[in-house]
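Trainee: Please put the structure up, and then we can go through it by question and answer.

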Amino acid sequence: FLCFILIFILATALGSFIFLSSIFITILIIFSLVLVALCWRRHWHLAGLGFFILISCLGFARANTFLASNSILSNLADNKYVKTNKYTEEVGLNGYIDSFPKYKEGRQYLNIYVKSVDIAEQTFKTNEHILAIGDAYPKRNVGDRVKITGRLRLPENKTESDFNYKAYLAKDDIYTIILYPKIEEQPLNLS
């Protein structure tokens with residue numbers, strides 16, 4: 001029992017430095033449960049390995065949950081002003097387009113990897129993703145360096161259906177969105 005607690009603590013500490021995606025963690029958890037179920041009576045050393053993987057994955061998942069709740073962008077979007085009006089003051093985000101834009105219903109969905117945040121004449125360094133939803137034109141490309149300005153929002157589940165929009169975005173490490181921001185292309189800085 002003490003061994004499992006130490007493994008969990010070690011995995012949580014490592015999770016602060018080494019990022020594992022939630023999809024990868026889920027696959028490892030399923031693998032470890034299958035390994036334990038198949039090897040429980042005959043191959044106790046493989047069952048022990050399965051428990052080791054399971055406890056480690058739970059530690060990494062705990063670290064990911066902690067990091068998601070402490071993101072700068074989520075904290076900016078989740079202040080008292082947001083809770084009353086659902087919008088924050090405008091912020092400037094500097095980063096680049098991290099994946100191919102998606103087009104749906106005349107809108108462009110951009111996964112932007114944010115490197116810094118400008119708010120109230122201060123700049124904060126960060127390494128987070130945000131979903132920017134805007135007009136379909138002008139079309140953007142993967143790798144474009146951009147500065148976007150707008151109001152941050154937390155994603156909401158709008159219907160009572162089984163679809164969980166927050167979890168859908170969280171699988172790509174997106175915990176905040178920005179609707180119809182002003183987008184400026186930035187020159188490539190090679191220095």
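The questions below go from the helices to the strands.

Mentor: This is a predicted model, in which local features need pLDDT of at least 70, side-chain atom pairs count only at pLDDT 80 or more, and totals for chains, interfaces and linings use all residues. Residues are numbered from 1 along each chain as its sequence is written, and side-chain values use heavy atoms, with hydrogens and water left out.

Trainee: Is I7 buried or exposed?

Mentor: I7 sits in helix α1, residues 2-15. Helices (H or I, at least four residues) and strands (E, at least two) are DSSP runs, numbered from the N terminus. Buried means under 20% relative accessible area, exposed over 50%, and partly exposed in between (1.4 Å probe, protein chains only). Because its relative accessibility is 16%, I7 is buried.

Trainee: Which residues does I7 touch, not counting residues up to four places away in sequence?

Mentor: Contact means heavy atoms within 4.5 Å. F52 is 45 residues from I7 along the chain, yet their C-alpha atoms are separated by 7.3 Å. The residues that I7 touches are F52, I55 and S56.

Trainee: Which helix gives the most to the nonpolar patch?

Mentor: Patches are made of residues with over 30% relative accessible area and no salt bridge, where like charges are joined within 9 Å and nonpolar side chains (Val, Leu, Ile, Met, Phe, Trp, Tyr) within 5 Å. A salt bridge is a side-chain nitrogen of Lys or Arg within 4 Å of a carboxyl oxygen of Asp or Glu. F1, L2, I5, L6, F8, I9 and L58 make a nonpolar surface patch of about 730 Å². With 5 residues, the main contributor is α1.

Trainee: Where does L58 lie?

Mentor: L58 is one of the residues in the nonpolar patch. Its relative accessibility is 39%, so L58 counts as partly exposed. Its place is in helix α3, residues 44-69.

Trainee: Why is strand β3 largely enclosed by the rest of the structure?

Mentor: Strand β3 covers residues 107-119. The strand is largely enclosed because the number of buried residues among its 13 is 10.

Trainee: How many bridges join β3 to strand β4?

Mentor: Two strands pair if DSSP finds at least two bridges between them. β3 and β4 (residues 122-135) run antiparallel, and S116 has K125 in β4 as its bridge partner. The number of bridges joining β3 to β4 is 12.

Trainee: Which residue takes a positive phi in the hairpin of β2 and β3?

Mentor: Strand β2 (residues 102-104) runs antiparallel to β3, with 3 bridges. K102 stands opposite Y109 in β3. The hairpin has 2 residues between the strands, and the residue with a positive phi, near 55°, is E105.

How values were computed:
Areas by Shrake-Rupley, 256 points an atom, 1.4 Å probe, with all protein chains shown as cover.
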